[in-house]
Amino acid sequence: LQERLSGILDTLTRRGALTEADVSAALREVRRALLEADVALDVVRDFVETVRERAVGANVVKSVTPGQMVVKIVHDTLVETLGSDARPIDLNAAPPVAIMMVGLQGSGKTTTTAKIAKRLTERGRSKVLMASLDTRRPAAQEQLKILGEQVSVDTLPIVAGQSPVQIAQRAMQAARLGGYDVVLLDTAGRQFVDEALMAEMVEIEKATDPHEVLLVADALTGQDAVNLARAFDERLSLTGIVLTRLDGDGRGGAALSMRAVTGKPIKLAGVGEKLDELEEFHPERIANRILGMGDIVSLVEKAAESIDAEQAQKMAEKMRKGAFDLDDLAEQLKQMEKIGGMQGVLGMLPGMGKMKKQLEGANLDDRVIKRQAAIISSMTRQERRKPEILKASRKKRIAAGSGTRVEEVNKLLKMHRQMADMMKAMGGKKGKRGLGALFGGM
Ligand code: GDP
Ligand code: MG
């Protein structure tokens, strides 16, 4: 599907003028993409209408096709809806500040509680107390205790026979007496939202007056996300959402649904089982993931401003003649760096996700580009023009000068040779081959 959407939008970008029918066609595909990313139906409908309103009558930026403009509007609207402002956990209240974690069973509440505790202790230097109010699941309180030991955060001593509200009250008291800054209240969950659970949450909220009430939700929740978010939001004063399992295969459509329904910020994202696998929420990333495409417009813009047309012309001429020397390679590397390196280029191209992974495996990151550029700049002018004169002693000097190793120098020379050969083979073919050749040559 991601490929399909990219494909459609891609065709649009190539077309000259964009008719209203084109916009509608594009939005039909966007709609389908969102549904397949498991965004709730109502949310999709509203979103598409918002985009339609913006798209119609929007000025098309010079040097960008109308189709690219639509892509950008879809993307920007998505980022905006997801919340472009970073919203950290708010501890701005009289200590002990209570943070209540709510959500369904298995959503990741307990794990996230420990993750947040670790983060607040290490980065915020807060003194944190964790308490498990989960009296339903056997060993739930022990689970939190063990996690507490792992992250060196105190947990409220377990006392058998207390109700969740009693435990919550005891936690607040212990925090006051112990001089804690923050109390994290990990609550029980159910497979489904039910009245007993909600009533219990409301009571706990009343008893502790939490400064933050965070809904923890699995990113793979799907269509249920809306009902889930609504149910919790109606009864509790939710202050934010934590999305877990963003490390999974899900497209993250739940993020859009929950954000749209509650209007509450997505504050954090769980990206793994380990206790340091908690991140700020990045709307841009999720937007790209939900749509399954990169930011085409920004590629176009960046590329347009950084790749000098004249330079490209000259390069093309050289390639035709098969006279591609190391100065030219250095120039290519520079251009790649300008547009954000290989990662940047691939990230912005639709349908490149897989290829990007492969290249990452091949060590083609920006660091490598920098080192390659350093190697070339450690060569004399003559060496750059005639790499064949590079024998062992010169290579040693270059490696030392660029802070690399001789093997790396050899690798670069080999890459250059392959590229030069390929260009020669392409011979009379059209010039604009720079980046393409670089991909192929490595
Ligand atoms: P709770 O019932 O809501 O308290 O959920 P738990 O915190 O006990 O988590 C349930 C399972 O989900 C555990 O196996 C966790 O390790 C796992 N889990 C929690 N957060 C994440 C996450 O962000 N990514 C992944 N892959 N697993 C997670
Ligand atoms: Mg739990």
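Start with Ala-420, which is buried because 22 other C-beta atoms lie within 10 Å. The cut-off for a buried residue is 20 or more. This is a predicted model. Ala-420 belongs to helix H20, which covers residues 406–426. Now look for Phe-324. Ala-420 and Phe-324 are 96 residues apart along the chain, yet 5.7 Å separates their C-alpha atoms.

Next, turn to the sheet. Strands of a sheet pair through backbone hydrogen bonds, and they may run parallel or antiparallel. Here, eight strands form an open sheet with mixed pairing. Read across it and the order is S3-S2-S4-S1-S5-S6-S7-S8. Strand S3 (154–155) and strand S8 (278–280) are at the edges. Each has a single partner strand, so one side of each has no neighbour in the sheet.

Now move to strands S1 and S5. S1 takes in residues 97–102, and S5 takes in residues 212–218. The two run parallel and are joined by four bridges. Which residue in S5 is the bridge partner of Met-100? That partner is Val-213.

Helix H7, residues 164–178, lies across S1, strand S2 (128–132) and strand S4 (182–186). Helix H7 runs at about 165 degrees to S2.

Conventions
Residues numbered from 1 in each chain as written. Chains lettered and ligands numbered in written order. Predicted model: local features only at pLDDT ≥ 70, side-chain atom pairs only at ≥ 80, totals over all residues. Pairing = 2+ DSSP bridges. Contact = placed C-beta atoms within 7 Å. Axes fitted to C-alpha atoms, helices over the stretch in contact; angles between N-to-C directions. Buried ≥ 20, exposed ≤ 12 C-beta atoms within 10 Å, placed from the backbone.
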